[in-house]
Amino acid sequence: MQNIAALEQEFESKIERGISIEPKDWMPEKYRKTHIRQISQHAHSEIVGMLPEGNWITRAPSLRRKVALLAKVQDEAGHGLYLYSAAETLGISRDELFEQLHSGKAKYSSIFNYPTLSWADMGAIGWLVDGAAIINQVMLTRTSYGPYARAMVRICKEESFHQRQGYEIMLTLSKGTPEQKQMAQDSLNRWWWPSLMMFGPTDAESTHTAQSMKWKIKLKTNDELRQQFVDITVPQAEILGLTIPDPDLKWNEEREQYDFGAIDWEEFWQVVKGHGPCNKERIAARKNAFEGGAWVREAAIAHAEKKAARTELKKAV
Ligand SMILES: [Fe+2]
Ligand SMILES: [Fe+2]
């Protein structure tokens, strides 16, 4: 029987050597808890994230747009599914995870608490929100917990389709009539700052960063990722001929990166604490879906039980 110190040493050494941690491996309780928090928060974000865009499926301007948006929203459901399964490998049940979401104990990405007011928002979300998600998630394909890292590989491939379909909507609108271009600009104005907030608090304020970097749960800090996003996105806005709503945004020759204005952290914390424009609506929609789906879960359980009983019967014969 190995003692705790030896197990801890073995664990740390695996992390250092880049060997992934698997569900049956020994792991510190805090590592397990951190992962349950992070993976479930991610899973909740995927399924809550279906709501703002789901709002526009029936109003897509053409069949082609409808098919693409439908596929995108379905992909997000799939992402939720992989991630809930990854969280379950850490010893928490799906019911507990949903209970945490419905009671407000678990968080999800605040970006989904903003409303989708126009068709252009489908463009801005794909371009900016999925774009920001990719930057966070590419890093996670190399995270230390095996099931999480593997889920992220497939998710990232799908996210890049989401980003492109969004950007293409923006491109079409910005090359369209003055009204369409204005619609795209208005959408960029509303989604730009919340997208920058998606990377979380500044490094100085982030409570989880240091430990998460040590355990290779995170490989880059919030501020590094945010900077990367700005540097990638500004030239894309230029191609669209749209203006990023930040008067302080400018290229810094010395750093070879963009400088950008201050984020309204007051707004960020208000939304995190549940006071964003759509927090209540989103949770109500999720609870409704969960309750509405109760009969499906009951039927599936009854079917599985019948099947198991039949197998038992066959074995007995
Ligand atoms: Fe996703
Ligand atoms: Fe996505």
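I started at the metals. The iron ion (ligand 2) and the iron ion (ligand 1) sit 3.4 Å apart, and Glu-76 coordinates both. The model is predicted: local features need pLDDT of at least 70, side-chain atom pairs count only at pLDDT 80 or more, and totals for chains, interfaces and linings use all residues. I number residues from 1 along each chain as its sequence is written, letter chains from A and number ligands from 1 in the order in which they are written, and take side-chain values from heavy atoms, with hydrogens and water left out.

**Entry 1: iron ion (ligand 2)**

Which residues coordinate the iron ion (ligand 2)? I found Glu-76 (OE), Asp-130 (OD), Glu-159 (OE) and His-162 (ND1), at 2.0 to 2.2 Å. I counted as donors N, O and S atoms within 2.8 Å of the metal (3.2 Å for Na, K and Ca); water is not among the atoms, so sites may look incomplete.

Next I looked up the angles. The four donor atoms around the iron ion (ligand 2) subtend 88 to 161 degrees, which makes the arrangement irregular. The rule I used: four donors are tetrahedral if all angles lie between 85 and 135 degrees; four are square planar and six octahedral if opposite donors are over 155 degrees apart and all others between 65 and 115; anything else is irregular.

Along the sequence, the donor residues of the iron ion (ligand 2) follow the spacing E-x53-D-x28-E-x2-H. Asp-130 belongs to helix H6 (residues 120-140) and His-162 to helix H7 (residues 146-174), so this pair ties together parts 32 residues apart in sequence. For helices I took DSSP runs of H or I with at least four residues, for strands runs of E with at least two, numbered from the N terminus.

Are Asp-130 and His-162 buried or exposed? Both are buried. Buried means under 20% relative accessible area, exposed over 50%, and partly exposed in between (1.4 Å probe, protein chains only).

His-79 in helix H4 and Glu-159 in helix H7 link distant parts of the chain, 80 residues apart. Both His-79 and Glu-159 are buried.

**Entry 2: Gln-163**

I stayed in helix H7, where Gln-163 is found. Gln-163 counts as buried, at 15% relative accessibility. Leaving out residues up to four places away in sequence, Gln-163 touches Gly-126, Trp-127, Asp-130, Gly-131, Ile-134 and Gln-236. I count a contact when heavy atoms are within 4.5 Å.

Which residues of helix H5 (residues 94-103) are buried? They are Leu-97, Phe-98, Gln-100, Leu-101 and His-102. The buried residues of H5 pack against helix H2 (29-48), helix H4 (63-88) and helix H12 (279-292). Just after H5, Gly-104 takes a positive phi of about 90 degrees.

In the loop between H5 and H6 I looked up Asn-113. Asn-113 has a relative accessible area of 2% and is buried. Apart from neighbours within four places in sequence, the contacts of Asn-113 include Tyr-108, Val-271, Cys-278 and Arg-282.

**Entry 3: Lys-14**

Lys-14 lies in helix H1 (residues 4-17). With a relative accessible area of 17%, Lys-14 is buried. The Lys-14 side chain makes a polar contact with the side chain of Asp-25 (3.3 Å). A polar contact is a pair of N or O atoms within 3.5 Å; within protein, one must be able to donate a hydrogen and the other to accept it, and residues adjacent in sequence count only if both atoms are side-chain atoms.

**Entry 4: the whole chain**

Last, I stepped back. The chain has 13 helices and two strands. Of its 317 residues, 48% count as buried. The C-alpha atoms fill a box of roughly 75 × 50 × 35 Å, taken along the principal axes.
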